[in-house]
Every structure is written in C-alpha cells, then in structure tokens.
Amino acid sequence: MELPEKGSISDLVRYRIETAKSDLKSADILLKEGEYRGANNRAYYAIYHAISAVHALDGKSYKRHKDTLANFNKNYVRTEIFPKNFGRKIA
C-alpha cells in the first residue's frame with residue numbers, strides 16, 4: 001500500500017481557511033433562521049479554524065482548543081501582530 005503524498009504548509013493553511021469560511025457561512029445561515037446556539041457554535045469553529053491557519057504558518061498545531069486560543073493571544077495579540085481588541089473579541 002502506497003502512502004498518500006504529504007501536503008505543504010500552504011495546503012494546510014488553505015484547507016483551514018476554507019473550513020473557516022464554510023463554518024462562517026453556516027453560522028450566517030443559522031443566525032438568519034434564529035438558530036442561535038448552532039450559529040454560535042459554527043462562528044466559534046470559524047474563529048478556531050482561522051486561528052489554526054495562522055498557527056500553521058509558523059508550523060505549529062495544538063491538540064486542545066484552549067491551547068490554540070491561548071497561544072494565539074500570547075504569540076500574535078500580545079506581540080501586536082494582531083490588534084489587542086481582536087484578542088478581546090475572540091475571547
């Protein structure tokens with residue numbers, strides 16, 4: 001059995017961004033239908049996948065969501081790569 005070809009970092013980033021866009025689209029649809037819990041869930045995952053894409057640019061990945069978010073704040077918000085108010089909004 002032949003192993004599948006390994007993707008590049010840019011492939012992973014692209015995949016995560018597309019997943020984030022899809023989740024955001026789902027959140028918008030659910031919000032318009034008054035499905036607030038589902039909309040909130042999809043919006044959260046859109047943010048999570050977008051942040052995971054940023055981490056992938058640096059070759060990093062985290063198993064737990066809270067580590068993904070905490071390290072984003074530590075490495076990108078506190079260092080002002082992203083504005084501080086952005087970090088507050090995702091919290």
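## Helix α1

Helix α1 covers residues 9–32. Its 24 residues, at 1.5 Å a residue, should span 34 Å, and the end C-alpha atoms lie 35 Å apart, which agrees. The expected span is 1.5 Å times one less than the number of residues. Helices here are DSSP runs of H or I with at least four residues, strands are runs of E with at least two, and both are numbered from the N terminus.

The model is predicted: local features need pLDDT of at least 70, side-chain atom pairs count only at pLDDT 80 or more, and totals for chains, interfaces and linings use all residues. Residues are numbered from 1 along each chain as its sequence is written, and side-chain values use heavy atoms, with hydrogens and water left out.

## The buried side of α1

The buried residues of α1 are V13, R16, T19, A20, D23 and A27. Buried means under 20% relative accessible area, exposed means over 50%, and partly exposed falls in between (1.4 Å probe, protein chains only). An α-helix has 3.6 residues a turn, so residues three or four places apart point the same way.

The buried residues of α1 pack against α2, residues 36–57. Just after α1, G34 takes a positive phi of about 80 degrees.

## A39 in helix α2

A39 lies in helix α2. A39 is buried, at 8% relative accessible area. Leaving out residues up to four places away in sequence, A39 touches A27, L30 and L31. A contact here means heavy atoms within 4.5 Å.

A39 and H65 are 26 residues apart along the chain. Their C-alpha atoms are separated by 18 Å.

## Overall fold

The protein has four helices and zero strands. Along the sequence the pattern reads α-α-α-α. Along the principal axes, the C-alpha atoms fill a box of roughly 45 × 40 × 20 Å.

Of the 91 residues, 26% count as buried. Take the contacts between residues at least 6 apart in sequence: 34% of them join residues at least 24 apart.

## Surface and charge

The accessible surface comes to about 7000 Å², and 55% of that surface belongs to carbon and sulfur atoms. Areas come from the Shrake-Rupley method with a 1.4 Å probe; for residues, only the protein chains shown count as cover.

There are 17 positive and 11 negative side chains. The centres of the two sets lie 9 Å apart. Lys and Arg count as positive, Asp and Glu as negative, while His and the chain ends are not counted. Each charge is placed at NZ of Lys, CZ of Arg, CG of Asp or CD of Glu.

## Aromatic pairs

Rings of Phe, Tyr and Trp (its six-membered ring) pair if their centres lie within 6.5 Å; planes under 30 degrees apart count as stacked, over 60 as edge-to-face and the rest as tilted. By this rule the protein has seven aromatic pairs. One of them joins F72 and F82. This pair is tilted, with 5.0 Å centre to centre and 50 degrees between the planes.

F72 lies in helix α3 (residues 65–77) and F82 in the loop between α3 and α4 (84–90), so the pair ties together parts ten residues apart in sequence. F72 is buried, at 1% relative accessible area. F82 is partly exposed, at 25%. F72, Y76, F82 and F86 form one aromatic cluster.

## E80 in the α3–α4 loop

E80 also lies in the loop between α3 and α4. Its phi is near 65 degrees, a positive value in a residue other than glycine. E80 is exposed, with a relative accessible area of 57%.
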